[in-house]
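User: Could you walk me through this model? I'd like to begin with the strands.

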There are 2 protein chains.
Amino acid sequence: MPLDRRQAVFLESLRRFLRRSALVNLRKLLTKVRPQDFPPLYEELTEREQLQLFQFLADKDPELGASLLVELPQGQGPALLRRLGPDRAARLLEQCADDDAADLLADLEEEFSAEILERMKPEEKAAVEQLLIYEEETAGRIMTPDVLALPETMTVEEAIRTIQERGRVEMSFYLYVVDQRHHLVGVLSLRELLLHPPTVRLHEIMNTDLVTVRTDTDQEEVARVAAKYDLLAIPVVDEQGRLAGVVTIDDVIDVLREEATEDFYRLAGTSEEERIEPSVIKSARIRSPWLLAVFIGDLLAGVVIGSFRGTLEHMVGLAAFVPIVLAMGGTTGNQSAIVIIRGLATGRVREGEYVRTLLRELGTAGLLGFLYGVLLFGASVGMLWWRGLAPDPRTAVLTGATIGVALALSMMFATVMGASMPLLLHRLGFDPAVSTTPFVTTSTDAVGSLIFFLLATWVLLPMVR
Amino acid sequence: MPLDRRQAVFLESLRRFLRRSALVNLRKLLTKVRPQDFPPLYEELTEREQLQLFQFLADKDPELGASLLVELPQGQGPALLRRLGPDRAARLLEQCADDDAADLLADLEEEFSAEILERMKPEEKAAVEQLLIYEEETAGRIMTPDVLALPETMTVEEAIRTIQERGRVEMSFYLYVVDQRHHLVGVLSLRELLLHPPTVRLHEIMNTDLVTVRTDTDQEEVARVAAKYDLLAIPVVDEQGRLAGVVTIDDVIDVLREEATEDFYRLAGTSEEERIEPSVIKSARIRSPWLLAVFIGDLLAGVVIGSFRGTLEHMVGLAAFVPIVLAMGGTTGNQSAIVIIRGLATGRVREGEYVRTLLRELGTAGLLGFLYGVLLFGASVGMLWWRGLAPDPRTAVLTGATIGVALALSMMFATVMGASMPLLLHRLGFDPAVSTTPFVTTSTDAVGSLIFFLLATWVLLPMVR
């Protein structure tokens with residue numbers, strides 16, 4: 001990717017200092033770049049340079065190294081750790097936020113990950129292992145356990161002192177108040193704390209109307225709750241209501257972006273892995289299964305059409321209308337599918353509304369099917385006549401009517417598929433975005449062909465013969 | 001939508017108090033619900049009850065009314081204001097955050113909006129009008145101008161006092177430091193402030209490495225910057241670098257969700273307006289233009305196929321393979337389109353990489369086209385033979401080869417369309433998600449049919465005749 005001038009100069013200095021092993025200069029240079037701006041530079045380095053740079057950082061300034069490591073695009077962090085070996089990897093991960101360290105370790109092979117953990121400081125190891133217990137994509141996994149919990153009996157003055165004494169706590173804008181057994185009982189913002197006299201106790205001023213999630217809450221649900229209530233951080237509690245950690249807004253934003261991207265890719269029958277490894281062969285491998293599904297489904301459509309050979313031979317002009325009937329069906333079905341998938345993701349379509357939603361979609365499709373059926377009737381009569389595909393006006397009109405009805409039916413069928421697939425998947429606990437659109441397109445092609453040729457053979461053929 | 005038991009009880013009390021005009025009870029009841037949980041209850045009320053409730057709130061407790069008003073789903077807030085009339089609307093909007101008030105007013109008819117503004121308190125009117133100057137979907141429009149700006153010469157002690165004295169400032173976790181002419185020169189977190197001795201001046205401890213956006217920055221870019229740098233708020237400056245306001249993280253999250261939803265709906269050729277007005281007729285009207293595009297495109301495919309009538313009559317079995325050639329092309333093209341659309345949205349695909357990206361997609365499609373071309377060759381030879389659609393093995397093999405090549409070419413064509421369309425739209429400054437997928441599907445159907453029948457007529461027909 002093209003770098004701007006400033007980046008190019010930076011990269012040149014970086015390389016020069018690396019060649020000369022000018023450690024002091026290197027360190028000074030790297031503190032000048034925001035960690036979030038580092039990845040495009042990293043990607044310009046050779047593998048050798050990347051390794052050399054992080055070896056140096058792991059040995060001399062693991063904190064700086066960690067801040068750069070966590071910003072690397074998905075997949076590249078683990079790859080780098082593998083090359084660095086367990087000792088240096090451990091030095092770097094000790095300096096990462098616990099949730100970031102857990103994420104990186106989870107992407108590594110179990111054996112190597114265990115080797116790294118063995119080499120980490122005991123308290124860091126314990127904190128990270130604690131997170132790894134939770135399943136991926138749950139609140140427990142994306143939370144940071146490093147949260148400031150203050151006893152409810154503490155005074156405002158004591159609380160302020162505690163904050164001032166305490167080292168780095170990840171983004172602490174809310175203060176959580178707990179009882180003796182570490183149950184979460186209230187919350188306070190730093191600003192509210194400042195507004196009260198020093199001797200007041202926290203339980204007198206804390207807000208008790210708490211929004212919490214549990215350690216096993218799905219990360220998508222966590223993001224939804226945070227977005228709904230405009231929270232900067234959501235406290236995470238265990239089954240007993242004890243404060244286990246906090247999910248901060250930056251993680252929520254990452255989840256929202258990730259989930260939207262995931263749904264996008266899934267819609268097209270490909271996967272977000274495409275982002276990570278940009279080789280043509282890998283891309284082809286990822287996209288292939290969905291193409292295979294379409295291949296099989298549409299081969300079936302071919303078998304259907306092939307079995308109506310007699311009808312086709314009698315009215316070869318019918319073949320011209322197969323694409324429009326199938327494409328209109330597929331498009332309508334996918335419109336329904338997408339409206340419902342997104343509705344489920346944003347919470348607009350709720351459980352218990354399945355039947356109403358389905359009927360609504362069917363109503364829309366019925367209306368559109370009627371309109372476009374009439375339109376296609378007109379267009380096909382004209383075309384059959386104009387292109388000389390029908391022997392006489394009566395045949396043209398009858399054929400056009402059949403094609404129009406086939407279009408409407410195929411659109412209704414596609415909508416039933418498009419609307420019920422995501423609802424069904426959601427009901428069964430799967431991601432409704434998975435495979436819906438290729439499936440809708442393909443099944444519409446097979447069933448739409450069948451509807452089309454059945455109508456032509458049973459209704460039309462006897463009339464025009 | 002189904003309410004849970006608690007909501008049902010709540011709704012019943014709400015209605016009873018409304019009927020009896022039991023104002024005190026009503027108010028007490030409403031303060032018990034979180035504003036974000038209010039919309040499902042609101043939607044259960046009759047129009048009359050909705051009006052009555054907000055008339056009461058506008059007169060007796062506009063602050064509570066405003067907090068509920070801003071949470072109503074898009075479209076419902078403006079509808080309610082229209083029914084309330086300009087006086088009561090003005091009372092409620094005065095109590096909204098300025099950016100929320102501006103949003104609501106922008107959705108109303110100009111004349112009515114002006115009437116409301118006339119009736120608002122002068123200082124509120126001025127603040128909202130100031131925001132309305134900025135274009136929709138820019139930083140200026142979504143920012144709140146109500147930001148705490150401290151002079152750089154102030155001491156820590158004075159700063160803390162200012163914060164304590166100042167009323168509600170929207171989510172103030174960062175403190176912005178300005179020079180004499182209100183230029184933004186630094187930033188401090190509330191926590192950093194607490195960690196320094198009282199007599200230190202702000203310019204000595206502030207961070208000068210600022211991430212800012214301008215009032216005319218697109219909201220999508222604002223969200224990208226906030227997400228990248230994990231910021232809770234981004235300061236917005238005017239052309240002269242003066243602090244104009246701040247975009248807070250809750251607005252960023254709304255932007256991210258809105259933009260993802262918008263892209264989703266656009267992919268399917270429908271619109272997010274579907275969320276607002278759930279009538280079948282409205283839905284059909286929104287989805288119809290895209291169906292019309294597909295209709296016209298695939299009618300064109302029909303004209304193409306119809307014009308090869310001679311070829312079809314000679315080899316009626318070809319018709320069976322039209323759907324698979326078109327569907328595989330459409331699927332491949334849409335996979336490319338979606339990978340690129342999302343890549344552009346998340347910043348993975350950058351300007352200046354257009355050609356590389358296009359070639360990469362073409363490489364992937366070439367590989368997949370080759371694989372599935374060979375597969376279809378085998379499958380079609382078998383099918384032609386098995387269904388008796390080819391007179392002899394030689395014809396079956398030649399026909400199968402033609403179909404396989406047509407598939408590969410059609411997949412490559414679709415990929416060029418799918419990859420270049422979003423890149424072109426992006427280059428021209430349009431949203432790359434607009435219309436791409438219906439366009440790719442439709443053009444592939446027309447051109448794929450042409451490729452298929454040209455090959456059959458020019459290459460195959462002379463050989464098998």
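**Strands, helices and the chain contact**

User: How many bridges join strand E2 to E3 in chain A?

Analyst: Strand E2 (residues 174-178) of chain A is joined to E3(A) by five bridges, and the two run antiparallel; strands (E, at least two residues) and helices (H or I, at least four) are DSSP runs numbered from the N terminus. This is a predicted model, in which local features need pLDDT of at least 70 and side-chain atom pairs count only at pLDDT 80 or more, while totals for chains, interfaces and linings use all residues. Residues are numbered from 1 along each chain as its sequence is written, with chains lettered from A and ligands numbered from 1 in the order in which they are written.

User: And what stands opposite A:Tyr176?

Analyst: A:Val187 in E3(A) does. The open sheet there has three strands in the order E1-E2-E3 (chain A), with mixed pairing, where pairing requires at least two DSSP bridges between two strands. E1 (149-151) and E3 (184-189) of chain A are at the edges with a single partner strand each, so one side of each has no neighbour in the sheet.

User: Switching topic, how many residues of each chain take part in the contact?

Analyst: Chain A gives 94 residues and chain B gives 94 residues, contact meaning that C-beta atoms placed from the backbone lie within 7 Å. On the side of chain A that touches chain B, the largest share, 17 residues, comes from helix H18 (residues 280-306) of chain A.

User: How are the two copies related?

Analyst: Chain A superposes on chain B by a rotation of 180 degrees with 0.0 Å of shift along the axis, at an RMSD of 0.1 Å, fitted by least squares on C-alpha atoms with pLDDT of at least 70 in both copies. The copies are therefore related as by a two-fold rotation axis. Because 100% of the interface residues of chain A are also interface residues in chain B, the copies meet through the same surface.

Methods:
Two residues are in contact if their C-beta atoms, placed from the backbone, lie within 7 Å.
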